[in-house]
Amino acid sequence: MPNNFIHDFIDQDLAEGGQYEGRTVHTRFPPEPNGYLHIGHAKAIYIDFATAEKYQGLCNLRMDDTNPIREDVEYIDAIKEDVHWLGYDWGDRFYYASDYFEEMYGYAIELIEKGLAYVCELTAEEIRETRGTLTEPGQNSPYRNRPVEESLNLFSRMRAGEFEDGRMTLRAKIDMNSGNINMRDPVIYRIAHETHHRTGDTWCIYPMYDFAHPLEDAIEGITHSLCSLEFEDHRPLYDWFIENCSVPYIPRQIEFARLNIEYTVMSKRKLRSLVEEGIVDGWDDPRMPTISGLRRRGFTPQAIRNFCERIGISKVDSVVSHDFLEFCLREDLNDHALRGSAVLDPVKLIITNYPEDQTEQVEVQNFPYKPELGSHEMSFSREVWIERNDYAADPPKKYHRLYEGNEVRLRGAYIVKCTGHLEDEEGNITAVLAEYDPESQGGKAADGRKIRGTIHWVDVNAAIDSEVRIYENLFTVKEPDVSAADYHELINPDSLQVIEHAKLEPWLLQPEFRDSTFQFIRQGYFVQDNKDSTQEKPVFNRSVSLRDTYRPE
RNA sequence: UGGGAUGUAGCCAAGUGGUAAGGCACGGGACUUUGACUCCCGCAUUCGUAGGUUCAAAUCCUGCCAUCCCAGCCA
């Protein structure tokens, strides 16, 4: 992991005289179980876990479940699966913020006893009205200076369930004049008669994030609590709680910029609505930036980790280009994906001088620059499927594929010379015609003549039909999150293109290849859909296309 | 108008007083049984801007400008 400003801070903290001299670096990834993880979280996960690794420290996984109104067990297993899939392990340090509710309650009492917190009976609306604005200070609550005993009594009755939701809150007594609105007597406990997924009905008061989070970190002995930029002005509050509660450890919060990527959204709210409105096929739709979506799309954990490493860590608001994400995937897949043949938009090529009832086996490499990965056979006969756009009746300049009179190599098989095409009454091309050079087995000309074009093909007699799904960006603009328009208007209507009958060579469909991503030669990288693909009706997703620098004039 | 942050190429991003790393994208070339990959070459006389300090400034100082975050009993 390259160095970055966070590591500079850690180095200082660890150095002689630093605040964590002699300590083990301890980070945490604290998702709220209220949705699925997305690639923005992957960046945070990478930073938290890879930083711990770099310093031979530890990283905890913690469910930040302090608000039962929003959270659900449904998400917990998915979050664990995603973090593991990305390649990170939290050992036996899987925690829930809710495990600390009793301790937090104790710290709240401590604050009350110190005169640093009070039970406030203002309504939510009154609190808002007295909070002031960005430019005007707030006003003190009339309950601010009530006796400690009274707050203590009321707080225990809040816990006992004597009051309905919203009737009162516990507030920190800090400074209603602070320029930092977070310091204007923030609410630290609210009443919510709500069943919690873990603590059930044990509690009807729940701590707020600003109060809970520093305590969670302190209780777990976290040294560096890494979070995103919007918490920067919560840091004084974070430190205030750490200073005023007698916690066992002192954690340090450091903020970094969250990840944005072109042509997609990262807010849980919008992702959820895409799912709920049926615009996509669930949280794991291959067009979603969720970890499960990327997995289904065919991304590898390595590609995602490389991406996270290379975008860097800084405090600059940025939008990473979509190209870069694709580059990281291609780079990894290029080096790992076995090569196979598939024709996505098939048209027949008839080799008129090849015997009608003959079939032969030709050998093709599984991986061009890694011969140790072996080879496999493809059957070849008089009729093979080729891509419709590998033939041109009227070829543009510098077109190296099939057109009348031109020679092309059928990859791994033979060199063929195009002799024209067949068409129906409407002028649609129904087949391409060619003659093969029997002396060119394997695609090598006996006389050594150079053949410029090589195209892929699949034997008509052997081809297996498969559905292939081609994905494009979900949104039509680079930054849908910042657009003023309703995001529904920005959705790309062509983000999913379904090809019903692509022609695949049978080798691709061996059961042991079920979860492997392949390169379909000259097309891109494809993986079987982890939900819909079956042996009877295979379904492939295009993970990413190959780079294509061909520019017809 | 208060508070907190951030401005280095089209996009990320190093740089911490000694004369602008790297990656993506892009352009050109070589190689090629994937128009892929790989390999070469090119791509900021300038660091938001205006001044100042210094032999020397992206780095230090001052002013200005732009952008982002904060007024949940969300996280």
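Hello everyone. A word on conventions: residues are numbered from 1 along each chain as its sequence is written, and chains are lettered from A and ligands numbered from 1 in the order in which they are written. Since the model is predicted, local features need pLDDT of at least 70 and side-chain atom pairs count only at pLDDT 80 or more, while totals for chains, interfaces and linings use all residues; side-chain values use heavy atoms, with hydrogens and water left out.

Let's begin inside. In general, nonpolar side chains of soluble globular proteins tend to be buried together. By nonpolar core I mean a set of buried Ala, Val, Leu, Ile, Met, Phe, Trp, Tyr and Cys residues joined through side-chain atoms within 4.5 Å, where buried is under 20% relative accessible area, with a 1.4 Å probe and protein chains only. The largest nonpolar core here has 62 residues, and I39, V83, L274 and F307 have the most contacts inside it. Which helix gives the most to this core? That is α2, residues 39-54, with nine residues; helices are DSSP runs of H or I with at least four residues, strands are runs of E with at least two, and both are numbered from the N terminus. Leaving aside residues up to four places away in sequence, L274 touches V265, I279, V280, M288, L474, F475, Y487 and I491, contact meaning heavy atoms within 4.5 Å. A second, separate core has 40 residues, V119, L154, I188 and A192 among them.

Now the sheet. Seven strands form an open, mixed sheet in the order β19-β16-β17-β18-β12-β15-β20; two strands pair if DSSP finds at least two bridges between them. β19 (453-455) and β20 (458-459) are the edges, each pairing on one side only. β20 runs antiparallel to β15 (383-387), over two bridges, and W385 stands opposite V458 in β20.

Finally, the RNA. There are 66 residues around RNA strand B, and S314, R339, G442, Q519 and T549 come nearest; near means a heavy atom within 4 Å.

Some polar contacts, which are N or O pairs within 3.5 Å: a polar side-chain atom of R190 is 2.8 Å from a phosphate oxygen, and one of Q519 is 2.4 Å from a base nitrogen. A polar backbone atom of A124 lies 3.0 Å from a base nitrogen.

Definitions and conventions. Buried means under 20% relative accessible area, exposed over 50%, partly exposed in between (1.4 Å probe, protein chains only). A polar contact is a pair of N or O atoms within 3.5 Å; within protein, one must be able to donate a hydrogen and the other to accept it, and residues adjacent in sequence count only if both atoms are side-chain atoms.
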